[in-house]
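Okay, hi everyone. I've got one structure to show you today, so let me put it on the screen and we'll walk through it together.

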Amino acid sequence: MSWHYQVRRRVIDGEPWFDIVEVYGKTYGHTVEGMTPESETKEGVVRVLEMMLKDAKRYRTLVEKEGA
């Protein structure tokens, strides 16, 4: 299964909120919670951040409707 990171826009209590999620599969499901860059090393965290940034620039913003 392939996956990538993608910026998500939601409206929470009437205010726009952006975070980054993992998007996966052919039906483009995604994680419910936003992703935190984590690793066992500082270099690993930097690699994850670089992947997140590359994907955030590449893919359109995922827009969720309020209450979704």
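So, find V7 for me. If you skip residues up to four places away in sequence, V7 touches F18, D19, I20, A56, R60, T61 and L62. One quick note before we go on: this is a predicted model.

Now, where does V7 sit? V7 is in strand β1. And look across at A56: V7 and A56 are 49 residues apart along the chain, but their C-alpha atoms are separated by 5.7 Å.

Okay, let's zoom out to the sheet. What's the strand order? It goes β3-β2-β1-β4, an open sheet of 4 strands with mixed pairing. At the edges you've got β3, residues 29-30, and β4, residues 62-63, and each of those pairs on one side only. Then there's helix α1, residues 42-58, which packs on the sheet and touches β1 and β2. The direction of α1 makes about 70 degrees with that of β1.

How many bridges join β1 to β2? There are 10, and the two strands, residues 3-12 and residues 15-24, run antiparallel.

Leaving out neighbours within four places in sequence, P16 is in contact with R9, R10 and V11.

Methods: Residues numbered from 1 in each chain as written. Predicted model: local features only at pLDDT ≥ 70, side-chain atom pairs only at ≥ 80, totals over all residues. Heavy atoms only, no water. Pairing = 2+ DSSP bridges. Contact = heavy atoms within 4.5 Å. Axes fitted to C-alpha atoms, helices over the stretch in contact; angles between N-to-C directions.
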